[in-house]
Amino acid sequence: VDDPLFERAERDGIDWRELGDRETQLFREDMTALRVLPPRDYVAATDAIAEVVELVEKMLASGAAYVVDDPQYPDVYFRADATRQFGYESGYDHETMSRLFAERGGDPDRAGKVDPLDALLWRAERPDEPSWPSPFGAGRPGWHVECAAIALTRIGTGLDIQGGGSDLIFPHHEFSAAHAESVSGERRFARHYVHSGMIGWDGHKMSKSRGNLVLVSRLRADGVDPSAVRLGLFAGHYRQDRFWSDDVLSQAQTRLQQWRAATALPAGPDATDLLGRVRGYLADDLNTPKALAAVDGWCTDASTYGGSDPTAPGLVRDLVDALLGVRL
């Protein structure tokens with residue numbers, strides 16, 4: 001359950017379910033505009049409570065989870081040592097885990113826990129908080145178990161790739177994987193983990209709490225071409241932390257104009273080699289900066305020197321569309 005969602009709904013005087021539906025619809029519209037392939041399922045954590053409860057029951061039965069000795073708030077926790085492979089996803093040492101756990105929503109000082117790193121599975125009902133019934137008392141899910149339950153019921157185990165922002169490496173992806181592995185018996189929840197760098201604004205990480213988000217919906221409302229947004233994001237490698245700025249967007253818009261002008265020419269230099277190089281760069285851990293630079297080179301040559309291949313501009317348009325998702 002996303003606490004900020006409830007907080008924003010209360011602040012704005014909106015039912016949290018209505019706010020969640022609005023944000024999901026806006027997300028769909030933005031992803032469609034950006035030409036991002038949509039997920040098969042949009043699942044709100046509040047729609048998966050029964051699945052979470054079932055998963056927590058299994059962990060309690062196997063000994064992977066326990067209830068803290070607190071008559072007032074008998075919260076349920078996951079044992080960090082429930083899987084022998086715990087820690088493989090992040091590769092972090094105990095000191096790093098402890099620091100990040102405290103910084104990213106963990107509660108290492110909760111009385112009654114076996115280990116400070118044990119993660120919350122079910123938070124017993126508190127006054128003025130949303131709650132749902134369960135065999136172990138009314139309450140609501142912890143963060144990581146929601147994702148584990150949804151993934152197990154919608155996809156299963158043995159995922160090829162799990163991805164997200166670098167701030168999810170630990171504790172979120174580490175624990176959601178461990179939750180799933182503790183009941184499935186799988187050694188690895190996902191074969192590969194892919195984490196993107198954080199995109200900041202004005203020297204800070206973007207966050208709802210800071211209020212410094214650059215929203216795709218707002219850019220679209222201002223008339224910004226979604227293809228320029230894609231090019232602005234692709235200008236940096238996805239694993240690198242970087243900052244969005246007016247200059248980044250302006251450079252992306254200029255690049256988009258130059259690409260469109262070059263691919264509108266009646267002929268250009270042979271683009272067969274360009275196709276192979278762009279494919280190679282993207283196959284190398286999605287190296288979009290090099291892919292963009294390669295297309296820049298062809299467009300500069302086409303606009304400056306021309307070319308004799310009438311099929312080349314169309315080939316470049318097609319490869320940019322198919323491989324980069326940018327419409328020229």
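This is a predicted model: local features need pLDDT of at least 70, side-chain atom pairs count only at pLDDT 80 or more; totals for chains, interfaces and linings use all residues.

User: What makes up the largest nonpolar core, and which residues have the most contacts inside it?

Analyst: The largest nonpolar core has 34 residues, and those with the most contacts inside it are Trp259, Leu274, Val278, Val295, Trp298, Val320 and Leu324. A nonpolar core here is a set of buried Ala, Val, Leu, Ile, Met, Phe, Trp, Tyr and Cys residues joined through side-chain atoms within 4.5 Å, where buried means under 20% relative accessible area, exposed over 50% and partly exposed in between (1.4 Å probe, protein chains only). At least two residues of this core come from each of α7 (216–221), α8 (226–234), α9 (246–263), α10 (272–283), α11 (288–305) and α12 (312–324), and α11 gives the largest share, seven residues. The helices (H or I, at least four residues) and strands (E, at least two) are DSSP runs numbered from the N terminus. A second, separate core of 27 residues includes Val56, Met59, Ala64 and Ala148.

User: Why is the pair of Trp122 and Phe136 called edge-to-face?

Analyst: Rings of Phe, Tyr and Trp (its six-membered ring) pair if their centres lie within 6.5 Å, and planes under 30 degrees apart count as stacked, over 60 as edge-to-face and the rest as tilted. By this rule there are ten aromatic pairs. The centres of Trp122 and Phe136 are 5.5 Å apart and their planes stand at 85°, so this pair is edge-to-face. Because Trp122 lies in strand β3 (residues 119–124) and Phe136 in the loop between β3 and β4 (139–141), the pair ties together parts that are 14 residues apart in sequence.

User: What makes the pair of Phe170 and Phe175 tilted, and how do you know whether Phe170 is buried or exposed?

Analyst: Phe170 and Phe175 are 5.9 Å apart centre to centre with 45° between the planes, and their pair is therefore tilted. Phe170 has a relative accessible area of 0%, so this residue is buried.

User: Why is Cys147 called partly exposed?

Analyst: The relative accessible area of Cys147 is 35%, so this residue is partly exposed, whereas Cys299, at 4%, counts as buried.

Technical notes
Residues are numbered from 1 along each chain as its sequence is written. Side-chain values use heavy atoms; hydrogens and water are left out.
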